[in-house]
Amino acid sequence: MFGIVNKVNDNSLYLLYDMVENQVNAAEQELLTCPAENIERIDFLKQQTIFYKDELQKFKDDVENQRKDKFQFSVEELYAMYGQYEEKYISIEFHKFSKSAFKFGRNIAGVIVYSKVERENLENLINADEVPRSNDFVKFDFSKTDKATDDLRYELLNTGFRSGDIYEILASDYPMQKAFNQPGIKEIPNTIEVKIDPNGFDINKSTRWLLSQKIKSGYQLTDNEWDKFCGLSIYLEPESLEIEIISKNAFDEHGAKKYSVRFFELEAKIYSKDITKEELVEFNEFLKDRKAIRIEAIVNEIKRSTNKTLENFKKEYPDIYDAIEISRIQFDNETLVYHEAVIPIFWDYESFLHIYLRHCDELEIEGHFENKTKFQYTQKDIRRILVIAIEKLLPQINAKLKENKEYRIYGDKSLYFNGNHYSLHVLGNGRVAAFHPLENPKT
């Protein structure tokens, strides 16, 4: 343009073009308002516009011809430079005349995303002796701060854009971390440990307050949470039995106090050390019943996971069995995600056993599932990973739950987080049925 030889990878390639284009637009606007008698000015503006447009077209043709033979970024290079690293945020500028610029705008920002198969294939390619250069589609998670329609976000995430449409990429110089295929125990990124003093903490009042806030805010409670709320309310404020919301949920159709409500009422008395001998005997009967139910669940899961009897399992894995015994006593059904969820998403003891016995690396159980993929996290962090997975997949989960259907994600469509792909199964009632990583790292 104007005798300047431009190369497709020049810095500020489009700077002069944009300036001239603005001048053309300004000239055309002036022509619309220029008085008809000002013939000299009109003639100048027309000649200037024709000349500038001709130069702009020459520039465009030259750049597009160069782009047919040469492109700055291949799919493989994008993965090697940015995609293989965790949550690497980049800002992309597209070539001005590319289809991507026309569709998505000149600039977008976010994170490149890959399916399980795509990531595995690219890992092999960038480690090959000869790395190819492919001008193919790249999928992208558009930054939430960018203004884009849901349709464009969907297309970027599911179809993407051609790597060859990229003119320039800007990225932070923060240390880049790669977690994919990395062996050993991992830590959850961006974890901040907060230490609290439990002295003076009243678990009964705090739990009841939390549940009451959920109710006031319009969130649904699980059956277990309603029973706990009623049991705590009856203990803390006996007169609450007169409140309709308590009386409605605390009793069955025959007018008898629900089994689970009474359990939580007595449990609250245990925590407050305010239980009589007669009530303690009653509570122990509740514990015996729950023990029988949970031991049956343990036996069934051990049989499925190891093909061993409970007695053999105790002998061969005493430490693991001790850990299971502790969980049998301490585990409480828990809502994992309720904010913005169609219905509460929770796990119960069967969920817990299924996830931990089959996939917790600390347990190292042999048998049918000794080759099952293991979490690369300590036992205490697996619950957090599960919550993170649910929160990331919540829109898709909600879509299924609205139709009273179960939600499954696995295989190539699995969730990627911190170097691992995860499979998740949520039943139509919101209960987590299964959750596990899909592959172990190469050693």
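**Chat about a predicted model**

Modeller: Of the protein's 443 residues, 43% count as buried. Bear in mind that this is a predicted model.

Colleague: OK. How many helices and strands are there in the protein?

Modeller: The protein has 16 helices and eleven strands.

Colleague: And the accessible surface, what does that come to?

Modeller: About 25900 Å². Carbon and sulfur atoms account for 51% of that.

Colleague: What about contacts between residues at least 6 apart in sequence: what share join residues at least 24 apart?

Modeller: That share is 65%.

Colleague: Let's go inside. Which residues touch the most other members in the largest nonpolar core?

Modeller: Seven names come up: Ile 345, Trp 347, Leu 386, Ile 390, Ile 397, Leu 424 and Val 432. The core holds 42 residues.

Colleague: Which helix gives the most to this core?

Modeller: Helix α15, residues 379-392. It contributes seven residues.

Colleague: Take Ile 390. Which residues is Ile 390 in contact with, leaving aside neighbours within four places in sequence?

Modeller: With that exclusion, Ile 390 contacts Leu 336, Val 337, Ile 345, Ile 397, Leu 424 and Val 432. Ile 345, Ile 397, Leu 424 and Val 432 are also on the list of residues that touch the most other core members.

Colleague: What does the second, separate core include?

Modeller: That core has 22 residues. Among them are Ile 92, Leu 156, Phe 161 and Ile 169.

Colleague: What is Asn 398 in contact with, sequence neighbours within four places aside?

Modeller: Three residues on that basis: Glu 340, Ala 341 and Val 342.

Colleague: Glu 340, then. What is the phi of Glu 340?

Modeller: Near 70°. That is a positive value, and the residue is not a glycine. In general, most residues other than glycine have a negative phi.

Colleague: Where is the place of Glu 340? And is Glu 340 buried or exposed?

Modeller: Glu 340 is in the loop between β6 (334-337) and β7 (345-347). Glu 340 is exposed, because its relative accessible area is 59%.

Colleague: What about Ser 12, what's its phi?

Modeller: About 55°, positive, and Ser 12 is not a glycine. Ser 12 lies in the segment before α1 (15-33). At 52% relative accessibility, Ser 12 counts as exposed.

Colleague: Switching to charges. How many salt bridges does a search of the whole structure find?

Modeller: The search finds 29. One of them joins Asp 18 and Lys 96, with the closest N and O atoms 3.0 Å apart.

Colleague: Which parts does that pair tie together?

Modeller: Asp 18 is in helix α1, and Lys 96 is in the loop between β1 (89-94) and α4 (99-104). So the pair ties together parts that are 78 residues apart in sequence. Asp 18 is partly exposed, at 23% relative accessible area. Lys 96 counts as buried, at 18%.

Colleague: Why does Lys 96 count as buried?

Modeller: Because its relative accessibility is 18%, and buried means under 20%.

Colleague: Which residues are linked in a network of salt bridges?

Modeller: Asp 18, Glu 21, Glu 93, Lys 96 and Arg 106.

Colleague: And Arg 208, what does Arg 208 form a salt bridge with?

Modeller: Glu 237, with the closest N and O atoms 3.4 Å apart. Arg 208 is in helix α7 (residues 203-216), and Glu 237 is in the loop between α8 (223-236) and α9 (244-250). The parts tied together are 29 residues apart in sequence. Arg 208 counts as buried at 19%. Glu 237 is partly exposed at 30%.

Colleague: Which residue does Glu 265 pair with?

Modeller: Lys 257, the closest N and O atoms being 2.9 Å apart. Glu 265 is buried, at 7% relative accessible area. Lys 257 counts as partly exposed, at 32%.

Key: Residues numbered from 1 in each chain as written. Predicted model: local features only at pLDDT ≥ 70, side-chain atom pairs only at ≥ 80, totals over all residues. Heavy atoms only, no water. Core = buried A, V, L, I, M, F, W, Y, C linked by side-chain atoms within 4.5 Å. Buried < 20%, exposed > 50% of the residue type's maximum accessible area, 1.4 Å probe, protein only. Helix = DSSP H or I, 4+ residues; strand = E, 2+ residues; numbered from the N terminus. Contact = heavy atoms within 4.5 Å. Salt bridge = Lys/Arg side-chain N within 4 Å of Asp/Glu carboxyl O. Areas by Shrake-Rupley, 256 points an atom, 1.4 Å probe, with all protein chains shown as cover.
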